[in-house]
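This report describes how one protein model is divided, how its parts meet, and which local features stand out. Please look at the structure first, then read on.

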Amino acid sequence: MPTYILGIESSCDDTSASVLCDGKVLSNLTANQEIHKSFGGVVPELASRAHQQNIIPVVNQAIINANIDKNQLNAIAYTRGPGLLGSLLVGSSFAKSLSMGLNVPLIEVNHMQAHLLAHFIEDCGDEKPTFPFIGVTISGGHTQIVLVKNYFEMEIIGETLDDAIGETFDKCGKMLGLPYPAGPHIDKHSKNGDSKKYKFTKPKVGGLNYSFSGLKTGFMRYIQKEKMNNESFVSNELENLCASLQNTIVEILFDKIVLAIKQTGISRVVFGGGVSCNSGIIQKFKHNENIENYKSYFPKFEYTTDNAAMIAMVGFLKFNNDDFSTLEKSAQARFKL
Ligand code: KG4
Ligand code: ZN
């Protein structure tokens, strides 16, 4: 008998629903929230309201697109955390009600675990990583190096002490006048720029931890200073500034991963999260595979950013493990791996 899992993701500003059949994606639908663009970042109160408007049509359409009847679903998997509490509450309440209504088990999913386990979705990539591996979760809210022992045993061995990597792209991009989220725009402008033209400060943080706030402040000061001499500095130099900034971020990320490989003796590096589609990161890690002796794994584009297919995938793995949740468990803004 095939196993049908519905996944629901609502941790930030994307309302997403997906149906998987035995790890294969039948549907994966996301309603993005355009409303935040004019504010230059996600406004939590507006995000939860938009989730409330979107959740029923998105889930309904995901079931229609999967070409199944809702009574065929074997379980409902949802993001319990981490994320914005108001947003999580909408998805978790809906998932609980649906599991009660259909009388099927409820499965709670950790969003950060899901970013890494997205690689096990059937069509995510050509080759699946084997355990153990070094997981690298890079998104708007997280920058973590994770020792992944198996599907469910994960240990954070390094993380950012201040800003997340995606946040750094977004905030520096805002200083350049780029729309939110600025990460993809910086990536695009970098392609025609000179990545060595400007040098920005790299942090001196011990061990496997990251820090990006110094880079952000240094970047801001440099832009402000240059703009005083020449008002058109940013528009004249946009591509070079983007390329140099991206190159600095990529080098900061890369150096710690090489250290993690050396410290753990593990040579598989598995990426997840919205920033893992960055072309500079992919190029750098692919180019150095033979030099530093590791193999890197990047998810297919649609599984890098927040999506419900990764939630349904973890749901499927937990279903096979009889690992079910209860209605009493509440959404968690901070939710440990
Ligand atoms: O995982 P995600 O969709 O949401 C969070 O959980 O945060 O990640 C969103 C982040 C944003 O900061 C966005 O700017 C960044 O991913 N991002 C990128 C690129 N595409 C998305 N950053 C750099 N280069 C990209 N191509
Ligand atoms: Zn995410």
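The protein is divided into two domains: domain 1 covers 4-118 + 304-320, and domain 2 covers 128-299. The model is predicted, so the values below are computed from predicted coordinates. Taken over C-alpha atoms, the centres of domain 1 and domain 2 are separated by 27 Å.

**Where the domains meet**

How many residues of each domain are in contact with the other? The contact involves 14 residues of domain 1 and 21 residues of domain 2. The size of an interface is often given as the accessible area lost when the parts come together. Between domain 1 and domain 2, the buried area is about 1,600 Å², and carbon and sulfur atoms give 76% of it. On the side of domain 1, Met 112, Leu 116 and Thr 304 lose the most area to domain 2; together they account for 43% of what that side buries.

Charged and polar links between the domains can be counted as well. There are 0 salt bridges between domain 1 and domain 2, and 2 residue pairs are in polar contact, both at pLDDT 80 or more. Two helices, α3 (111-117) and α10 (308-320), each supply at least two residues of the side of domain 1 that touches domain 2. The largest share of that side comes from α3, with 5 residues. By class, the side of domain 1 that touches domain 2 is made up of 6 nonpolar, 6 polar and 2 charged residues.

**A buried serine**

Ser 10 is found in the loop between β1 (4-9) and β2 (14-21). Is Ser 10 buried or exposed? Its relative accessibility is 1%, so Ser 10 counts as buried. Leaving out residues up to four places away in sequence, Ser 10 touches His 51, Thr 79, Ser 87, Leu 88 and Gly 91.

**Salt bridges**

A search of the whole structure finds 14 salt bridges.

| Pair | Distance, N to O |
|---|---|
| Lys 300 and Asp 123 | 3.0 Å |
| Lys 216 and Asp 163 | 2.7 Å |
| Lys 286 and Glu 289 | 3.4 Å |

The side chains of Lys 300 and Asp 123 meet in a salt bridge. This pair links distant parts of the chain, 177 residues apart: Lys 300 is in the loop between β10 (295-297) and α10, and Asp 123 is in the loop between α3 and β6 (133-138). Lys 300 has 32% relative accessibility and therefore counts as partly exposed. Asp 123, at 35%, also counts as partly exposed.

Lys 216 and Asp 163 form another salt bridge through their side chains. Lys 216 counts as buried because its relative accessibility is 18%, under the 20% cut-off. Asp 163 is buried as well, with a relative accessible area of 9%.

In the pair of Lys 286 and Glu 289, Lys 286 counts as partly exposed at 36% relative accessibility, whereas Glu 289 is buried at 15%. Elsewhere, salt bridges that share partners join Arg 80, Glu 108 and Lys 329 into one network.

**Backbone features**

Most residues other than glycine have a negative phi, and most peptide bonds are trans. Which peptide bond of Gly 81 is cis? The bond from Gly 81 to Pro 82 is cis, with omega near -10 degrees. Pro 82 sits in the loop between β4 (75-81) and α2 (85-102). Another cis peptide bond joins Tyr 180 and Pro 181, with omega about -10 degrees, and Pro 181 is in the loop between α4 and α5 (183-190).

Asn 67 is not a glycine, yet its phi is positive, about 60 degrees. Asn 67 is in the loop between α1 (44-65) and β4, and counts as exposed because its relative accessibility is 69%. Asp 322 also has a positive phi, near 55 degrees. Asp 322 lies in the segment after α10 and, at 61% relative accessibility, counts as exposed.

Notes. Residues are numbered from 1 along each chain as its sequence is written. Chains are lettered from A and ligands numbered from 1 in the order in which they are written. This is a predicted model: local features need pLDDT of at least 70, side-chain atom pairs count only at pLDDT 80 or more; totals for chains, interfaces and linings use all residues. Side-chain values use heavy atoms; hydrogens and water are left out. Domain bounds come from an automatic or database domain assignment. Contact means heavy atoms within 4.5 Å. Buried area is the accessible area (1.4 Å probe) that two parts lose on being put together, summed over both. A salt bridge is a side-chain nitrogen of Lys or Arg within 4 Å of a carboxyl oxygen of Asp or Glu. A polar contact is a pair of N or O atoms within 3.5 Å; within protein, one must be able to donate a hydrogen and the other to accept it, and residues adjacent in sequence count only if both atoms are side-chain atoms. Helices (H or I, at least four residues) and strands (E, at least two) are DSSP runs, numbered from the N terminus. Ala, Val, Leu, Ile, Met, Phe, Trp, Tyr, Cys and Pro count as nonpolar, Asp, Glu, Lys and Arg as charged, and the others, Gly among them, as polar. Buried means under 20% relative accessible area, exposed over 50%, partly exposed in between (1.4 Å probe, protein chains only).
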